[in-house]
Amino acid sequence: ASQRPYGSRAVLKFSQYTGAHAMAGRWMPGTLTNQITSKYLEPRLLMVTDPRTDAQALKEASYASIPIIALCDTDSPLENVDIAIPANNKGKESIALLYWLLAREVQYLRGSLSRSQEWDVMVDSFFWRDPEELMRQEEMDQGLEETWAATKPVVAEDWNAQTGGEDWAAQGAGDASWDAPAAAGGDDWGAPVQAGAEGQNW
């Protein structure tokens, strides 16, 4: 049983691999004491994720003399708890790992899985997942796929292809001598100042 949201998926997965009856979510009062209700159960053992949040289940199990196993943190009450497993029952990763270990141990004790053989079930499948977070992740993945599909492939430019630019080597620009006199029309800094430029005051 687990009224804590982080433990709901782990409890369901534990029941899937062990055959136990899972009670994820709100505990219906009278499940273990009221025989008239349609959800009346007579389990041989009750396992709870948190004795504080699952206090109603513990109280009813104590009335019916049902042994109780509980995952207990440092602030968990131990009243009516027969076997306390010290653990962090607040984090989703911790709860998932604990139920994964317990499910694997049940497989070992039943003989359906050898201790020398690794269990092929990943602990990630026991993790609680926020539905809104999964929807956001799917939307992001879909948006990325649309973005990649919309972008066109860039055509690679061929640097070896002949271009229509000028051929600098053909013009002979590199054959000119720096010691040659300046061409006609060039500036001669040593020439006398012309008459029209005498009035200029730099």
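How many aromatic pairs does the structure hold? The structure, a predicted model, holds four aromatic pairs, a pair being rings of Phe, Tyr and Trp (its six-membered ring) with centres within 6.5 Å. Residues are numbered from 1 along each chain as its sequence is written, and side-chain values use heavy atoms, without hydrogens and water. Local features need pLDDT of at least 70 and side-chain atom pairs count only at pLDDT 80 or more, whereas totals for chains, interfaces and linings use all residues.

View 1. Y17 belongs to helix α1 (residues 5-18) and W119 to the loop between α3 (92-110) and α4 (131-150), so the pair ties together parts that are 102 residues apart in sequence. Helices are DSSP runs of H or I with at least four residues, strands are runs of E with at least two, and both are numbered from the N terminus. The rings of Y17 and F126 are stacked, because their centres are 6.0 Å apart and their planes lie at 20 degrees. This pair also links distant parts of the chain, with Y17 in α1 and F126 in the loop between α3 and α4, 109 residues apart. Y17 is partly exposed at 24% relative accessibility, W119 is buried at 13% and F126 is buried at 0% (buried is under 20% relative accessible area, exposed over 50%, partly exposed in between; 1.4 Å probe, protein chains only).

**View 2. The surroundings of W119.** Y17, W100, W119 and F126 form one aromatic cluster. Neighbours within four places in sequence aside, W119 is in contact (heavy atoms within 4.5 Å) with Y17, W100, A103, R104, Q107, L113 and F126.

**View 3. The nonpolar cores.** A nonpolar core is a set of buried Ala, Val, Leu, Ile, Met, Phe, Trp, Tyr and Cys residues joined through side-chain atoms within 4.5 Å. The largest has 18 residues, of which Y99, W119 and F126 touch the most other members. At least two residues of this core come from each of α1, β2 and α3, and α3 gives the largest share, seven residues. A second, separate core of 14 residues includes A1, A57, A61 and I66.

**View 4. Helix α3 and its cover.** Among the buried residues of α3 are I95, L98, Y99 and W100, and what covers the buried residues includes α1, β1 (46-48) and β2 (68-72). Just after α3, G111 has a positive phi of about 85 degrees.

**View 5. Helix α1 against α3.** Helix α1, of 14 residues, reaches 21 Å from first to last C-alpha, close to the expected 20 Å. Its buried residues, including A10, V11 and F14, pack against α3. G19, which follows α1, has a positive phi near 85 degrees.

**View 6. The buried face of α2.** In helix α2 (residues 55-63), A57, L58, E60 and A61 are buried. Seen down the axis, the buried residues fall within an arc of 170 degrees, so they line one face of the helix; the arc is taken over the directions from the helix axis to the C-beta atoms. The buried residues of α2 pack against β1 and β2.

Technical notes:
Phe/Tyr/Trp six-rings, centres within 6.5 Å; stacked < 30°, edge-to-face > 60°. Expected span 1.5 Å × (residues − 1).
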